[in-house]
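This report is for a reader who is new to the structure.

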Amino acid sequence: MINHVWGLIHHPDKEWREINKEHESVSHLYLHHVLWMAAIPVISTFIGTTQFGWTFGGEEAIKVSFMDGLGLGALFYALILVAVAMVGSLIHWMARNFPNRPSRHECIVFAGYIATPMFLSGIFAIYPVIWLCLLACVAGVVYTGYLLYRGTPSFLGISHKQGFILSSTTLGVGVLVLEALLAAVVLLWSLGSEHSIVWQFFQ
């Protein structure tokens with residue numbers, strides 16, 4: 001797992017070739033990569049929201065209780081795991097017109113490794129200042145897009161022009177999924193606080 005993480009950051013082209021040679025199963029991907037990497041933003045957010053609290057910078061921090069943090073963290077973790085499978089299924093569906101269309105499980109493996117920068121950027125949630133977390137998220141999206149552009153042509157066996165079109169569409173939809181996930185995260189983690197946006201509707 002660690003070798004692929006470092007390789008995708010340091011030399012992505014070479015690492016994609018290594019990943020393609022492995023013919024990894026979805027269960028192996030989740031067991032050795034996704035389950036571990038997805039824990040980074042979950043654990044960081046748990047520590048940040050229970051020990052420090054959300055803040056917009058200079059304002060009063062909004063904390064959640066330890067037990068609420070555990071429950072919400074488990075739900076957040078499940079959402080991430082589902083999101084990886086959804087993006088992989090999307091890539092599989094979008095590749096339906098290509099002659100060398102990969103299987104659904106290969107697309108999920110591809111999506112799992114593409115998400116690596118996003119997982120790593122989640123460590124900034126350990127001290128959840130909103131602007132800092134958003135900046136880290138943008139950096140993660142940018143490098144995720146780079147991995148997608150570099151990996152799609154060789155993964156699907158298509159030209160760089162076709163890869164650019166497909167990866168652009170995938171990235172666009174992926175960003176929408178990310179935005180929905182982030183919105184869900186903010187709402188979920190705020191549920192443990194009396195200042196939650198959600199609770200305002202019941203007052």
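## Gly-172

Gly-172 is partly exposed, with a relative accessible area of 38%. Here buried means under 20% relative accessible area, exposed over 50%, and partly exposed in between, for a 1.4 Å probe and protein chains only. Gly-172 sits in helix H9, which covers residues 160-190. Helices (H or I, at least four residues) and strands (E, at least two) are DSSP runs, numbered from the N terminus. Between Gly-172 and Gly-145 there is a distance of 9.5 Å, C-alpha to C-alpha, and the two are 27 residues apart in sequence.

## Basis of the model

This is a predicted model, in which local features need pLDDT of at least 70 and side-chain atom pairs count only at pLDDT 80 or more, while totals for chains, interfaces and linings use all residues. Residues are numbered from 1 along each chain as its sequence is written, and side-chain values use heavy atoms, with hydrogens and water left out.

## Overall make-up

The protein has 10 helices and 0 strands. Of its 203 residues, 44% are buried. Contact means heavy atoms within 4.5 Å. Among contacts in the protein with a separation of 6 or more, 67% are between residues 24 or more positions apart.

The UniProt record (unreviewed entry) places the feature "transmembrane region" at residues 34-54, 74-95, 129-149 and 170-191. UniProt positions are given in the numbering used here, feature names are shortened, and annotations may be inferred rather than shown by experiment. In the model, residues 34-54 are 86% helix and 0% strand, and the end C-alpha atoms of this span lie 26 Å apart. For residues 129-149 the end C-alpha atoms lie 30 Å apart, and the span is 95% helix and 0% strand.

## Helices H2 and H8

Helix H2 (residues 12-22) packs against helix H8 (residues 130-156) at an angle of about 50°, with axes 10 Å apart. Axes are lines fitted to C-alpha atoms, for helices over the stretch in contact, and angles run from 0 to 180 degrees between N-to-C directions. H2 and H8 are therefore oblique to each other. Angles under 35 degrees count as roughly parallel, over 145 as roughly antiparallel, 65 to 115 as roughly perpendicular, and the rest as oblique.

From H2, the contact is made by Pro-12, Asp-13, Trp-16 and Asn-20; the residues from H8 include Tyr-143, Arg-150 and Phe-155. By class, the contact of H2 with H8 has 6 nonpolar, 3 polar and 2 charged residues. Ala, Val, Leu, Ile, Met, Phe, Trp, Tyr, Cys and Pro count as nonpolar, Asp, Glu, Lys and Arg as charged, and the others, Gly among them, as polar.

Phe-155 lies in helix H8 and is buried, with a relative accessible area of 15%. Leaving aside neighbours within four places in sequence, Phe-155 is in contact with Asn-20, Pro-102, Glu-106, Cys-107 and Phe-110. Phe-155 and Asn-20 are 135 residues apart in sequence, yet 7.1 Å apart in space, C-alpha to C-alpha.

His-23 is in the loop between H2 and helix H3 (26-37). His-23 is exposed, with a relative accessible area of 62%. Its phi is near 50°, a positive value in a residue other than glycine.

## Helices H3 and H6

H3 and helix H6 (residues 104-114) pack at an angle of about 10°, and their axes are 9 Å apart. H3 and H6 are therefore roughly parallel to each other. Val-26, Leu-29, Tyr-30, His-33 and Val-34 of H3 meet His-105, Ile-108, Val-109, Gly-112 and Tyr-113 of H6. The contact of H3 with H6 has 7 nonpolar, 3 polar and no charged residues.
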